[in-house]
Every structure is written in structure tokens, then in C-alpha cells.
Amino acid sequence: DVGGAANTETVTAAFKIIQGDPDVKSILINIFGGIMRCDVIAQGVVSAVKEVGLSKPLVVRLVGTNVEQGKKIIEESGLPVIALGDFTEAAKKAVELAK
């Protein structure tokens, strides 16, 4: 829970921790952008992946303020990140990719 305080540095730090855990098989980021805008989170995710790399499948669920811009940022990044709007669909995808 970033509570409106996420930025590239905090997202990058989280990625380093999560990807360093051998028990983590896939990553699901669930964003409900009320306080925090989806485009800001998406840019943080893209920057973090570019800096840290991506060793595990990543699914990002985006809903809320500037959601279309957020999805566009992820899609146009060319990175293997899946952006979805439905929580159940995103969770199922993350589980599927973990197998």
C-alpha cells in the first residue's frame, strides 16, 4: 500500500525486494488509483523494470485516476508487463504465469 506516496525510487526498491525472494513466482501489482494516479504508478513500474530488470512474470491491475494513460505507458514501454483492469482476471493471470 503506497497511500499516495509512490515514486520511482519506492517502486524500484520494492521490485528489488520482491525479485530477490526465490519463493515469489510471479508479481501482481494491484492499483486502485484514487489518491495515487495510475499514470504515475505505471511510470514508476516501467522505470523500475528498466533499472532492475524483470526475472518474474509481472501483472499490473490498474483502476482509477488516469487509468488509460497508465495502461498506455505500460503497453508502449515494450516491456513484458501485462496491464489489466479487472482484479479477478489479473489475479488469475498472475497465478497462471506462476506455474
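Where is the place of Asn 66? Asn 66 sits in the loop between strand 2 (58-64) and helix 3 (67-76).

## Basis of the model

This is a predicted model, in which local features need pLDDT of at least 70, side-chain atom pairs count only at pLDDT 80 or more, and totals for chains, interfaces and linings use all residues. Residues are numbered from 1 along each chain as its sequence is written, and side-chain values use heavy atoms, with hydrogens and water left out.

The mean pLDDT of the protein chain is 89, and 94% of the residues score at least 70; pLDDT is the predictor's confidence in each residue, from 0 to 100. Confidence is lowest in helix 1 (residues 8-19), with a mean of 85, and highest in helix 4 (residues 87-98), with 97.

## Fold and dimensions

The protein chain contains four helices and three strands. Both kinds of element are DSSP runs numbered from the N terminus: helices are H or I with at least four residues, strands are E with at least two. In sequence order the pattern is α-β-α-β-α-β-α. The radius of gyration of the protein chain is 12 Å, close to the 13 Å that the globule rule gives for 99 residues, so the chain is as compact as a globular protein of that length. The radius is taken over C-alpha atoms, and the rule is 2.2 Å times the number of residues to the power 0.38.

The C-alpha trace spans about 35 × 30 × 25 Å along its principal axes. Among contacts in the protein chain with a separation of 6 or more, 76% are between residues 24 or more positions apart; a contact means heavy atoms within 4.5 Å.

## Surface and charge

Of the 99 residues in the protein chain, 36% count as buried. Buried means under 20% relative accessible area, exposed means over 50%, and partly exposed is in between (1.4 Å probe, protein chains only). The protein chain exposes about 5,600 Å², of which carbon and sulfur atoms supply 54%. These areas come from the Shrake-Rupley method with a 1.4 Å probe, and for residues only the protein chains shown count as cover.

There are 11 positive and 12 negative side chains in the protein chain, and the centres of the two sets lie 3 Å apart. Lys and Arg count as positive and Asp and Glu as negative, while His and the chain ends are not counted. Each charge is placed at NZ of Lys, CZ of Arg, CG of Asp or CD of Glu.

## Strand 1

Ile 31 is part of strand 1 (residues 27-33). Ile 31 is buried, with a relative accessible area of 11%. Its C-alpha is 4.9 Å from that of Leu 62, although Ile 31 and Leu 62 are 31 residues apart in sequence. Apart from neighbours within four places in sequence, Ile 31 is in contact with Cys 38, Ile 41, Arg 61, Leu 62 and Val 63.

Asn 30 also belongs to strand 1, but is partly exposed at a relative accessible area of 40%. With neighbours within four places in sequence set aside, Asn 30 contacts Arg 61 and Phe 87. Asn 30 and Phe 15 are 15 residues apart in sequence, and their C-alpha atoms are 14 Å apart.

Leu 58 lies in strand 2 and is buried, with a relative accessible area of 1%. Beyond neighbours within four places in sequence, its contacts are Phe 15, Ile 27, Ile 29, Val 45, Val 49, Pro 80, Val 81 and Ile 82. Leu 58 and Ala 42 are 16 residues apart in sequence and 12 Å apart from C-alpha to C-alpha.

Gly 64 is in strand 2 too, and is partly exposed with a relative accessible area of 31%. Not counting residues up to four places away in sequence, Gly 64 touches Gly 33 and Cys 38. In the loop between strand 2 and helix 3, Asn 66 has a positive phi of about 60° although it is not a glycine. Asn 66 is partly exposed, with a relative accessible area of 25%.
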